[in-house]
Amino acid sequence: MVNIKELQASIGDTPILKGLNLEIKPGEVHAIMGPNGAGKSTLASVLAGREHYAVKGGSVDFDGQDLLDMDATERARSGLFLAFQYPVEIPGVSNINFMRAAINGKREHQGLEPIKGKDFLSLVKEKSSLVELDGRLRNRSVNEGFSGGEKKRNEIFQMAMLEPRFAVLDETDSGLDIDALRIVASGVNAMRSPERSFLVITHYQRLLDYIVPDFVHVLVDGKIVMSGDKDLALKLEDKGYDWIKEETIA
Amino acid sequence: MTGMAKPIVMDLERKPNIHLATQAKGEALRAALVALRSGTGLAAEYLDALPVPHRRVERWKHTPVAGFWSTYEAPQVQTVLAAGCEACPVPGLHAYRMVFVNGTFDPAASDLPVHNGVQCAPISMSDSPPREAGDLEATEWFAALNQAFAIEGMRLHIKKGVVLDRPLLVHHHTHGPNSANFLRHEITVEANAQVQLIHWSTADSQASGMVNIMTHIEAATGSHVALDKVQDEAGKLHHLAFEQINQAQSTQVRVHTGTIQGQWVRNDLNFRLDGEGCDSVLNGFFLPSGNEFVDNHTTVDHCAANCTSSEQYQGILYGSSSGVFNGKVFVRPNAQQTNAYQQNGNILVTDKSKINAKPELEIYADDVKCSHGCTIGQFDEEALFYARSRGISEAEAKAMLVNAFIGDVLDGFAVPEVRMELEHRLATKHGWDTWNDTLEAG
């Protein structure tokens, strides 16, 4: 589904990703862990098409399409979703109008008519129950005045609405208490399917107790230096990252 | 002191703040207009005594007037039919209508209210006496110019307690080059009467010259007046709009100004709150692009106690456009318990766009609540990326942010059809495919 080859990206003159390779097949959940500054969030941003980062080399194939050739809007319409580490507040734009524009953008891409008001509202009702997002939040301005947990639940609600084929979750566990974490994780788990892949970026192993990955990769200094199964995450939790740095340098 | 210096000093004392070259241009313009309009403009009460505005006059500091020193011609086209424009620019609007083309009343395109309690006629056909000049004509050269040359306009008188059953649209269209169009609208609303007015200005793409419109509104005790003002003029016009609104006790006047398009626009909106318990609302938006210029000068003069005024002007400046906002609020010594609010927000879309914004509050009463705020910023790049990452196109994402920025002002326009047409015209001008209407979730 997604094949990342030798991906290099920088901010200004500073290289962040230095030849990253990763292949994700349909239905798989991959986790990327790594110390601060390793390039985890950069990877998420580069995949979503944030212009702030310059891609210096490598390729990303997304179901036969050149992902790097598409702008952020096209990537989303083609089925990529990024759950933001810091969801953005947009005062004056209601959550519900925002989502309708997003849904209709995707439908336009698929050659479909804009969604009918009634169908849209029942879809909202169905998907918001998945993350226990209450009606009050749906009608408020996008993320404005939401608590940390509400913002992350809103991200997962948006993901459920848009039904992407490939979702990147960037530190979705940060700022969540245990109850919110459980709600967010169960929302994600409900969406796991043989056709849908996930890339879960996290600093801590805790999230992976709830969203159990098929593969765990360790990102250090812009490269994946080690891959394994979910047990690798437990080992990292136990021993930290230093032993990997030593082992890979040696 | 030499013998030569003295008369210059005396001259400056007689006419303070005169820029001689500009003054000469103004006088040449006046002479040209007198010749063009044979006979009018001679008996100008204040024109002789006033300085022509220039850059060193505070109220005109950022408002270039050089474009007025041009040549003007007598209009050839005086009807909607000849101009090939719409009589009513707002689809589906069910309103009375008074249409002027190049400053001339077009009876065939108009639909005047016929009602015992309403007198509504073009000035040229009205037998009531003209209104006396007010403060604006006495202090502003361009307003005095209007007084001298405006022989047409609307005279509207709504009698005590009458509620006009439909909005009244005053549509002015400019057709062709080198126009000098003057209109004055004299509106009297008697006690407890109510009226909704729409002032809509259009022009074709060949239009140039000037449009100078003066509107006087006298709102008597307990009356309600709403004025929706829209400026959507193609071509290269210089558009001046003066409004003087005098409010008696317990009146409610709401003025909304939307500038969609216009090469050079200055709105000079003045409220005088003369009786207790008045409520004034003045909101506006302006979205200039290219090298358009939009200036909103407003004055709210609180002369009586227990009044509220609320003002919000939102500007989004594209391309190399520039804008001016100047909001004066006076609270006079006896205007206790005044509640005055002013907000001006501006987004500069490019690094070539420009805004000069200045709130001015002068408060001489001690028991009042006055607040004001002014912001100048850019489109939120993070919000744009967030929207795009959800599959929303950049154009639509920007339209959403624009809607969020001016939505409150748009919602305040009194006539729903006007509001919808404004959204449509903004979307057309700026290339947004859709405008998100609100959707209530169940």
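These exercises, each with a worked solution, explore a predicted model.

**Exercise 1. Find where Glu140(B) sits, say whether it is buried or exposed, and list what it touches.**

Step 1. Start with the chain. Glu140(B) falls in the loop between α4 (135-139) and α5 (141-149) of chain B.

Step 2. Check accessibility. The relative accessibility of Glu140(B) is 6%. Buried means under 20%, so Glu140(B) counts as buried.

Step 3. Look for contacts, leaving out residues up to four places away in sequence. Glu140(B) touches Leu50(B), Arg59(B), Trp60(B) and Phe242(B).

**Exercise 2. Work out which parts of the model the salt bridge between Glu382(B) and Arg50(A) joins.**

Step 1. Take the distance. The two side chains meet at 2.6 Å, N to O.

Step 2. Place each partner. Glu382(B) is in helix α6 (residues 381-388) of chain B. Arg50(A) is in the loop between α1 (40-48) and β4 (54-62) of chain A. The pair therefore joins two chains.

Step 3. Compare the surroundings. Glu382(B) is partly exposed, at 36% relative accessible area. Arg50(A), at 17%, counts as buried.

Step 4. Over all chains, the count is 29 salt bridges.

**Exercise 3. Describe two salt bridges within chain B, Arg184(B) with Glu186(B) and Arg332(B) with Asp301(B), then name the members of a salt-bridge network.**

Step 1. Begin with Arg184(B) and Glu186(B). Their closest N and O atoms are 3.1 Å apart. Both residues are buried.

Step 2. Turn to Arg332(B) and Asp301(B). Here the closest N and O atoms are 2.7 Å apart. This pair links distant parts of the chain, 31 residues apart. Arg332(B) lies in the loop between β16 (322-331) and β17 (339-348). Asp301(B) lies in strand β14 (residues 293-302).

Step 3. Arg332(B) is partly exposed, with a relative accessible area of 36%. Asp301(B) is buried, with 9%.

Step 4. Follow the shared partners. Salt bridges connect Arg59(B), Glu140(B), Arg266(B), Asp268(B) and Asp295(B) into one network. Glu140(B) also touches Arg59(B).

**Exercise 4. Identify the strands that pair with β7(B), and say how covered β7(B) is.**

Step 1. Find one neighbour. β5(B) pairs with β7(B) in the parallel sense, over seven bridges. In this pairing, Leu169(B) has Ile198(B) of β7(B) as its bridge partner.

Step 2. Find another. β7(B) and β9(B) run parallel and are joined by ten bridges. Trp200(B) stands opposite Val230(B) in β9(B).

Step 3. Judge the cover. Eight of the ten residues of β7(B) are buried, so the strand is mostly covered.

**Exercise 5. Describe the second largest pocket and name the element that gives the most to its lining.**

Step 1. Give the size. The pocket holds about 420 Å³ of space.

Step 2. Locate the centre. Of 18 lining residues, the closest to the centre are Asp135(B), Leu136(B), Gln244(B), Asn270(B) and Thr299(B).

Step 3. Name the elements. In chain B, α4, β10, β12 (264-273), β14 and β16 each supply at least two lining residues. β12(B) gives the most, with four.

Step 4. Sort the lining. Three residues are nonpolar, six polar and nine charged.

Methods. Residues are numbered from 1 along each chain as its sequence is written. Chains are lettered from A and ligands numbered from 1 in the order in which they are written. This is a predicted model: local features need pLDDT of at least 70, side-chain atom pairs count only at pLDDT 80 or more; totals for chains, interfaces and linings use all residues. Side-chain values use heavy atoms; hydrogens and water are left out. Buried means under 20% relative accessible area, exposed over 50%, partly exposed in between (1.4 Å probe, protein chains only). Contact means heavy atoms within 4.5 Å. A salt bridge is a side-chain nitrogen of Lys or Arg within 4 Å of a carboxyl oxygen of Asp or Glu. Two strands pair if DSSP finds at least two bridges between them. On a 1 Å grid over the protein atoms alone, a cavity is a set of points where a 1.4 Å probe fits but cannot get out, and a pocket is an open set with protein on both sides within 12 Å along at least five of seven lines; lining residues have an atom within 4 Å of a point. Grid points are joined across faces, edges and corners, and a volume is the space filled by probe spheres set on the points. Ala, Val, Leu, Ile, Met, Phe, Trp, Tyr, Cys and Pro count as nonpolar, Asp, Glu, Lys and Arg as charged, and the others, Gly among them, as polar.
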